[in-house]
Amino acid sequence: MATAPIEPPQRLVSALGGDPAGPVRAWLAALPELVQQRLDAWELTLDRVHAPGGGSSLVAFVRQQDGTPAALKFPVPGRAAAQEAAALRVWDGWGAVRLLRSDETGGALLLERLQGSVSLRSLPEAKALLEAAGTVRRLWVAPPAGHPFATVAERVAADAERLRAAGDAAGAGPLVDEALELGRSLPAGAAEEFVLHGAFRQGKVLAGERVPWLAVGPAPLVGERAYDLARLVLDRFEDLLAGSGAAAVARRRVAKLADSLDVDRERLRDWTLYRAVRAGVRESVSGDRRRGESLLEFAACV
């Protein structure tokens with residue numbers, strides 16, 4: 001049982017508190033009670049709430065009745081919490097954090113505890129990319145029958161109008177036009193179908209006890225591996241841009257990752273451009289404008 005008040009981390013409050021009357025804000029206000037209810041229902045003892053945490057979930061470090069450490073996660077409602085649980089069940093601890101229990105109604109997930117402060121970003125770049133490639137390879141499995149996951153084609157189609165509008169606002173017309181064309185043509189030409197993490201990057205791979213590195217926080221999709229791998233190409237892109245010969249270095253990274261995982265180089269290059277443009281225009285319009293401009297610069301280098 002928790003003996004101290006449960007408070008959501010300030011980073012989560014800042015990320016979600018913009019709409020004082022919205023349902024997400026109401027969920028945030030109810031979160032301390034929701035956490036306590038789940039602690040009681042699953043007979044968990046609270047160690048501490050993970051801080052600073054992230055902007056889309058609360059994670060509490062807990063202990064199960066037998067003393068085994070675990071992590072209790074409350075994803076923001078409406079952000080595919082059920083699909084995250086479904087993907088973790090598909091992987092069953094193979095390359096990803098193991099799901100111990102889930103609350104279908106409230107969306108809470110009980111996970112094996114990892115070292116939340118130690119991700120692949122703590123490693124030198126070459127070592128981090130090597131470990132990331134080995135981890136994501138394990139996640140690429142055949143989609144089970146009746147799976148609930150959207151396809152890459154569906155995700156890209158849903159993003160198209162927002163991408164065009166954001167691109168106009170960011171003044172990135174030619175790059176957006178190229179990205180939109182790739183978004184139309186790439187899914188139609190895909191020759192494979194796997195379960196994808198959907199948001200895979202170095203920061204989504206944490207140190208564990210059972211195995212050295214495990215993926216967390218999927219936004220699962222079904223589609224070709226190059227789509228997943230493209231997000232990994234973007235990791236530490238600022239370092240590439242800061243050095244000399246950024247375009248050549250970016251192309252070498254694409255080639256190295258593609259070859260190491262038997263992915264087509266051109267398709268990985270094209271998906272990298274698409275994902276860099278999508279992230280860049282989003283950041284330029286509603287986030288960090290400087291980072292957005294850097295992402296668009298990287299897209300032009302690939």
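In helix 6, Leu175, Val176, Glu178, Ala179, Leu182, Gly183, Leu186 and Pro187 are in contact with Arg267, Arg269, Asp270, Trp271, Leu273, Tyr274, Val277 and Val281 of helix 10; contact means heavy atoms within 4.5 Å. The residues of this contact comprise 11 nonpolar, one polar and four charged. Here Ala, Val, Leu, Ile, Met, Phe, Trp, Tyr, Cys and Pro count as nonpolar, Asp, Glu, Lys and Arg as charged, and the others, Gly among them, as polar.

The model is predicted: local features need pLDDT of at least 70, side-chain atom pairs count only at pLDDT 80 or more, and totals for chains, interfaces and linings use all residues. Residues are numbered from 1 along each chain as its sequence is written, and side-chain values use heavy atoms, with hydrogens and water left out.

Helices (H or I, at least four residues) and strands (E, at least two) are DSSP runs, numbered from the N terminus. The axes of helix 6 (residues 173-188) and helix 10 (residues 265-286) come within 9 Å and cross at roughly 130 degrees. Helix 6 is therefore oblique to helix 10; angles under 35 degrees count as roughly parallel, over 145 as roughly antiparallel, 65 to 115 as roughly perpendicular and the rest as oblique. Axes are lines fitted to C-alpha atoms, for helices over the stretch in contact, and angles run from 0 to 180 degrees between N-to-C directions.

Strand pairing requires at least two DSSP bridges between two strands.

| Strand pair | Bridges | Bridge partners |
|---|---|---|
| Strand 3 (residues 69-75) and strand 5 (residues 109-112) | four | Ala70 and Glu112 |
| Strand 8 (residues 205-207) and strand 9 | three | Leu206 and Leu214 |

The hairpin of strand 4 and strand 5 has six residues between the strands, and Gly107 there takes a positive phi near 85 degrees. An open antiparallel sheet is formed by three strands in the order 6-8-9. Strand 6 (115-119) and strand 9 (213-215) are its edge strands, each pairing on one side only.

Most residues other than glycine have a negative phi, and most peptide bonds are trans. The bond from Ala51 to Pro52 is cis, with omega near 5 degrees, and Pro52 is found in the loop between strand 1 (45-49) and strand 2 (57-63). Asp92 has a positive phi near 50 degrees and is found in the loop between helix 3 (81-91) and strand 4. Asp262 has a positive phi near 55 degrees and lies in the loop between helix 9 (246-260) and helix 10.
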